[in-house]
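Biologist: Could you walk me through this one? I'd like to go from the packing inside to the contact between chains.

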Amino acid sequence: MPVKPAQSPFRDRTQEFLSVAERLKKSSTSGLNQNGPSSSSSRAEDKRSVVALQSEFNKRASKIGLGIHQTSQKLSKLAKLAKRTSVFDDPTMEIQELTAVIKQDITALNSAVVDLQLFCNSRNEGGVSSDTSSHSTTVVDDLKNRLMSATKEFKDVLTMRTENLKVHENRRQLFSSAASKDSPNPFVRQRPLAAKSAAGASNNLPQWANGSASSSQLFPRKQMDGESQPLLQQQQQQMVPLQDSYMQSRAEALQNVESTIHELGTIFNQLATLVSQQGEIAIRIDENMDDTLANVEGAQGALLKYLNSISSNRWLMIKIFFVLIIFLMFFLFFVA
Amino acid sequence: MKITSLLVLKCQPEGSDPVILANASDVTHFGYFQRSSIREFIVFVSRTVAKRTPSGQRQSVQHEEYMVHSYNRNGLCAIGFMDGHYPVRSAFSLLNQVLDEYQKSFGESWRAAQADSTQTWPYLDEALTKFQDPAEADKLLKIQRELDETKIILHKTIDSVLARGEKLDSLVEKSSDLSAASQMFYNQAKRNNQCCSIL
């Protein structure tokens, strides 16, 4: 791609073109005397205007490329600043200015790229060669892509900055709530240094809430805070987090209650499962007992029959008669 | 977990001192000679805190060993002196209740008050004794406590159900053994009858 930042490396062949045009003019004037000069001159003019348009396009494109490059440099500076920031050494003013400048640049570049694209489209409708039109569209696309990546980097840097600020806020709250237990003065609850940077942070935030696309939810709440009276600003700093912590603690308590109830529900379910399983066991026990009862009753009947058979004398009498008759027979046969 | 004092004040919008509308303090755990000075101290601190609490805001300040919680609602400010262990949320819900009660019983008459009122408001005294236990003031805390107790009871129930299960298992074994023995008994008795003559 011939468009590079900070210089336009496209080969300027306008001189050669002009010489070719002269030659053609000379050759065509020999053919068509009346129309020749006018048409060729108009053609030369067209060509020149085409050339002029082309170089105009290139100039704009190179300007935009340069702008994008500068913006990305500023962005890298901003990223370094944002990473470097610590609790006490906050270069917030610089960051603010830089953010504003970068935002302006990006918007200007955006509009310039859009203009360039329109310009390129309008020129392409004038019937130029397909090479030129494809070249210009590619150039415009490239510029748009670069601008988009620059904007994305910008957004990332802003998110990182907000995260850093959040971390600082948390740390500050830790320190301030620990310090409050020891401090004898009942109405100043923060270390003055932390209070100053907190005040600084809350002043920055309204600008950000308006300007940046990626502001977190923390900021709109603190924005109300930043507009309060300067007299009570220190206490105010602590009060909105206190309101928040009050609400948060209520929300937390509600969530705890809800989860406890949920657990209770689970426990009840488990209880029901256990009891139903044990119900089955109880039924088996019942069946076993029924079987035992049947067996024992049968056995009792058998024993009764046995008792009857034992206590009756019939068999015995038959056996005695039998033996007597055998003796009688024996006696009768062998003696008589 | 102790509440030492509850006050209701009227906050003037300009910087002048707030006017005390109701005051209930429990200074019985201090020595007899210190009590009046403690009362003065409470009055003074509450005035200062109320003056610095903007309307519609809640504020908690640590003063020596007390936590002073204040809640300013449309110029009517409720302040509570509690020790460090009293949960903050219960404190504020208690202040809410006090304010609601005050507005119910006195309507808007407090707006006209210009000097500290010296009458006692019995509700505030009762509230002081009743709400020594934070669970009374904060329904959420009460519910949470009851739920925890229920959970403990349920755990015990599940343990006893498991023991019941074990006993049922042993019963099953015994009953199956019994059934087998009775069956053998029956067979034996039948065999006694069938087998041929007893000679």
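Modeller: First a term: a nonpolar core is a set of buried Ala, Val, Leu, Ile, Met, Phe, Trp, Tyr and Cys residues joined through side-chain atoms within 4.5 Å, where buried means under 20% relative accessible area, exposed over 50% and partly exposed in between, with a 1.4 Å probe and protein chains only. This is a predicted model, in which local features need pLDDT of at least 70 and side-chain atom pairs count only at pLDDT 80 or more, while totals for chains, interfaces and linings use all residues. Residues are numbered from 1 along each chain as its sequence is written, chains are lettered from A in the order in which they are written, and side-chain values use heavy atoms, leaving out hydrogens and water.

Biologist: Okay, how many residues are in the largest nonpolar core?

Modeller: That core has 26 residues, and those with the most contacts inside it are I3(B), L6(B), V8(B), Y86(B), L94(B) and Y102(B).

Biologist: And which element gives the most to it?

Modeller: α2(B) does, with 7 residues; helices (H or I, at least four residues) and strands (E, at least two) are DSSP runs, numbered from the N terminus.

Biologist: Which side chain does T53(B) join in a polar contact?

Modeller: The side chain of S70(B), at 2.9 Å. A polar contact is a pair of N or O atoms within 3.5 Å, and within protein one must be able to donate a hydrogen and the other to accept it, with residues adjacent in sequence counting only if both atoms are side-chain atoms.

Biologist: Now the interface: how much do chain B and chain A bury between them?

Modeller: About 4,500 Å², 69% of it on carbon and sulfur atoms, where buried area is the accessible area (1.4 Å probe) that two parts lose on being put together, summed over both. The contact takes 49 residues from chain B and 47 residues from chain A.

Biologist: How many salt bridges does the rule find there?

Modeller: The rule finds 1 across that interface, requiring a side-chain nitrogen of Lys or Arg within 4 Å of a carboxyl oxygen of Asp or Glu. The side chains of E263(A) and K151(B) meet in a salt bridge at 2.5 Å, N to O.

Methods. Contact = heavy atoms within 4.5 Å.
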